[in-house]
Amino acid sequence: MSPHQRALAIPRLLHLGVGCLRDVAELLAAHDFDMGRVLVGSGPGPSRLLAEGVVSGLRAQGVDVLHRPGLCGRLDQGAALAAEVIQECVTTAVGVGGGRVIDPVKLAAARTGIDFVSVPTTISNDGISSPVASLVGKDGVRGSHAARMPCGIVVDIEAVGSAPAPTIRAGVADLASNLTACLDWRLADQLGHDRFDAYSAMIAEAAARPVLDLSDLSATAEHEILARGLLLSGLAMAAAGTSRPCSGAEHLVSHALDAKLGPRAALHGEQVALGCLVSATAHGSSLLSDLRRLFGRVGLPLAPEDLGITRQELVDAVASGPSLRPDRWTILSERSHGPADTADLVAEAFSSPRVAELAS
Ligand SMILES: [Zn+2]
C-alpha cells in the first residue's frame, strides 16, 4: 500500500434485527470471535435485563462468561475492566447497554487489544460504534478517550425502539449534528485552521441527511434509519481519525452545558440539538429551518427553556464552549464575541420560527 493510502478497520460483524439479542452467541461464533472467555458489561438500569438475556444465551452455548453489571460511564470502571481482562484472560468483551456501559468496555478492550462487541440498548448517540470513549474521570469531568471501533455490532431494533422516547429523540439530534459539524469543518479548512477530509465528511453527511425526513419516531423503520445513521457516523469518525465529521460548535455548546449544569444536564443529544440551532444560525445556513422543522416534529427542544435551561445559561455555554477545545476551530471561534453579540446570536437561534418555516 502506498504511504499516501490509509487503512480503515471496519466491524466484521454487523447485525440489525428484531429480537436478536438471544442470537449474540451464535453471531459471535459465526464471525470468528474468540469465545475462550467472554466479559459482558451491563448497566444498573432496565438494560440489565436485556444483558442478562445475552449472558444466558452465551452460557447456554457453553461459553465461559464474566458478567460485570453496574457500569455507569466512569473512567475508573474502564481501567478496572482492563485489569480484569488481563487477569482473567478474557478473549472478547461485550457491552450491552447505553453509552455509559458501552464506553468503559470499549476503552478496556481497546487498551488490552481484545475484540469488542457493541450491543446498544439505546440509540441516543453516535458512541455505539465510534472509536471514542466518553468517560467521567476522578475529577468529575467527562473526557474523550481514544479507543477503537467495535469489531462487532448487534442492534436489536425492538429493544432500542422500546427505550424511553427522549433517548431516541436525542439520537436524532446527535446524528443531525453531523450536518452542522461538517459546515464547521469546511469553514475551518477554508480559513486554514484545519484540514477537511471530503470522504469522511461525505459518510457523515450521507448518514445524517435521512433523519431530516423522519416523522414522529413511532415506527420501527424510523428507528432502523436512525440506528444505521449513527453506525455510519462511527465509521466517519474512524475514517477521519478524529470526531470532526460528527462534532463541531454544537458539541462544544453541549460540553459547556455539561460542565455548567452538572446533574441538571439534559441528555447529550438534547443539548446538542440546542447547539445545532445556534451553529446553523451562526453559519447563516438554510439548515436552520430544516432542523427546526425536524425538532418540532419529533419533540426535540426548540429553545433552552424546553430543557429547563435558562437563556443566560445557554448564552454562557455558547461563550465558553470554544475554550474547552481551542484546537477545534468552529464558527463560534472567531465571531466577535462580546457578551451582547453572543446574546444576539442566541436570541436569533431561538426566536419563534415563522409559521411557514414549521409547515412541513
Ligand atoms: Zn455527540
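Q: Let's start with helix α13, then. Which of its residues are buried?
A: Helix α13 covers residues 339-349, and its buried residues are T342, L345, V346 and A349. Keep in mind that this is a predicted model.

Q: Where do those buried residues sit as you look down the axis of α13?
A: They fall within an arc of 95°, so they line one face of the helix.

Q: And which residues are exposed on the other side of α13?
A: That would be A340 and D344.

Q: What covers the buried residues of α13?
A: The cover includes α10 (268-283), α11 (287-298) and α12 (311-324).

Q: OK, switching to the metal. What coordinates the zinc ion?
A: The zinc ion is held by D174 through OD, and by H251 and H268 through NE2 in each case. The distances run from 2.1 to 2.2 Å.

Q: What spacing do the donors follow along the chain?
A: The pattern for the zinc donors is D-x76-H-x16-H.

Q: Is D174 buried or exposed?
A: D174 is buried, because its relative accessible area is 0%, and the cut-off for buried is under 20%.

Q: What about H268, how much accessible area does that one have?
A: H268 has a relative accessible area of 25%, so it counts as partly exposed.

Q: And where is H251 found?
A: H251 is in helix α9, which spans residues 249-261. With a relative accessible area of 5%, H251 is buried.

Q: Which residues does H251 touch?
A: Leaving out residues up to four places away in sequence, H251 touches D174, S177, C246, H268 and V272. Two of those names, D174 and H268, also coordinate the zinc ion.

Q: Back to packing. How do the axes of α6 and α11 cross?
A: The axes of α6 and α11 come within 11 Å and cross at roughly 175°. That makes α6 roughly antiparallel to α11.

Q: Which residues make the contact?
A: On α6 they are R169, V172, A176, L179, T180 and L183. α11 brings in L287, L291, L294 and V298.

Q: How many of the residues in that contact are nonpolar?
A: The contact of α6 with α11 has 8 nonpolar residues, plus 1 polar and 1 charged.

Terms used:
Residues numbered from 1 in each chain as written. Predicted model: local features only at pLDDT ≥ 70, side-chain atom pairs only at ≥ 80, totals over all residues. Heavy atoms only, no water. Buried < 20%, exposed > 50% of the residue type's maximum accessible area, 1.4 Å probe, protein only. Helix = DSSP H or I, 4+ residues; strand = E, 2+ residues; numbered from the N terminus. Arc of directions from axis to C-beta. Contact = heavy atoms within 4.5 Å. Donors = N, O, S within 2.8 Å, 3.2 Å for Na, K, Ca; no water. Axes fitted to C-alpha atoms, helices over the stretch in contact; angles between N-to-C directions. Parallel < 35°, antiparallel > 145°, perpendicular 65-115°, else oblique. Nonpolar A, V, L, I, M, F, W, Y, C, P; charged D, E, K, R; others polar.
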